[in-house]
Amino acid sequence: MLSVIEGRVLGCLMEKERTVPDQYPLTMNALVSACNQSSSREPIMALDDFEVDASITSMKAQGLLRIVHPSHGRSVTRYRQVAVEKYELDEAAAAVLAVLLVRGPQTVAELRSRTERLHGFESAAEVEASLHQLLDGAFVRLLERQVGQKEPRWQQLIAEEAEPIAGPATVFPAAVSGSMADRVAQLEDRVAKLESALADLL
């Protein structure tokens, strides 16, 4: 299973391939910007070049992504996903999976609305057909309907999900996993090391 950051990077590449074909494959700057968009992303993240680059290296090793070296007048390295080919997904299923990767679990109605720029589904039944195709390949699962929800939601299964957060707060990568106690302990350990290093300098 991919990490939260890898899932965001892959989802963005799948999305941008369909929505901005003239700019695809993406440069590092464009990919980082896509990952950190404040719209059409749940949760919002604040990734840097190093985190995205690490995800690129990992997914390239897994055969999910390729690096396009400068050529034909282009002066910078670019990145393209090949996960759709590896997973053998059609355009409709790829659109659904991309939106699930960048926006988390969603209902059929939400998916139909949010995939509009990637693939034109004529009906909710068409979205459900793609979901069942993904279900057969173990790429998604149907979650139980939660209290207060009218419809059950579908979740992708190829990448870890970020912890749910209240409101539109930004999720920073360091806060994606681990309990609060773990993070406090890590911070205390870092402070102790810094204090020790400072004492040595003085």
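How many of the 16 residues of α1 are buried? Fourteen is the answer: 14 of its 16 residues are buried, so that α1 is mostly covered, where buried means under 20% relative accessible area, exposed over 50%, and partly exposed in between, with a 1.4 Å probe and protein chains only. Helices here are DSSP runs of H or I with at least four residues, strands are runs of E with at least two, and both are numbered from the N terminus.

Before going further, I should state the basis. This is a predicted model, in which local features need pLDDT of at least 70 and side-chain atom pairs count only at pLDDT 80 or more, while totals for chains, interfaces and linings use all residues. Residues are numbered from 1 along each chain as its sequence is written, and side-chain values use heavy atoms, with hydrogens and water left out.

As to the whole chain, there are eight helices and five strands. From the N terminus on, the order is α-β-α-α-β-β-α-α-α-α-β-β-α. Of the 202 residues, 39% count as buried. Taking contact as heavy atoms within 4.5 Å, residues 24 or more positions apart account for 56% of the contacts with a separation of 6 or more.

Let me return to α1, residues 4-19. The expected span of a helix is 1.5 Å times one less than its number of residues; for the 16 residues of α1 this gives 22 Å, and the end C-alpha atoms are 22 Å apart, which agrees.

Next, the sheet. Three strands form an open sheet in the order β1-β3-β2, with antiparallel pairing. β1 (26-27) and β2 (65-68) stand at the edges with a single partner strand each, so one side of each has no neighbour in the sheet. Two strands pair if DSSP finds at least two bridges between them. β1 and β3 (residues 78-81) are joined by two bridges, and β2 and β3 by four. Arg78 in β3 stands opposite Thr27 and also opposite Val68.

Which helices lie across these strands? α1 lies across β1, β2 and β3, at about 90° to β3. Helix α3 (residues 49-61) lies across β2 and β3, at about 115° to β2. Axes are lines fitted to C-alpha atoms, for helices over the stretch in contact, and angles run from 0 to 180 degrees between N-to-C directions.

Now a helix pair. α5 (residues 91-103) and α7 (residues 124-136) pack at about 80°, with axes 9 Å apart. That makes α5 roughly perpendicular to α7, a term used for angles of 65 to 115 degrees. The contact is made by Ala92, Ala93, Val96, Leu97 and Leu100 of α5 with Ser130, Leu131, Gln133 and Leu134 of α7.

Finally, the backbone. Most residues other than glycine have a negative phi, and most peptide bonds are trans. Where are the exceptions in this chain? The bond from Tyr24 to Pro25 is cis, with omega near 0°, and Pro25 lies in the loop between α1 and β1. The bond from Glu42 to Pro43 is also cis, with omega near -5°. Glu88 has a positive phi near 55° and is exposed, at 69% relative accessible area. Ala138 has a positive phi of about 65° and is likewise exposed, at 51%.

Technical notes. Angles under 35 degrees count as roughly parallel, over 145 as roughly antiparallel, 65 to 115 as roughly perpendicular and the rest as oblique.
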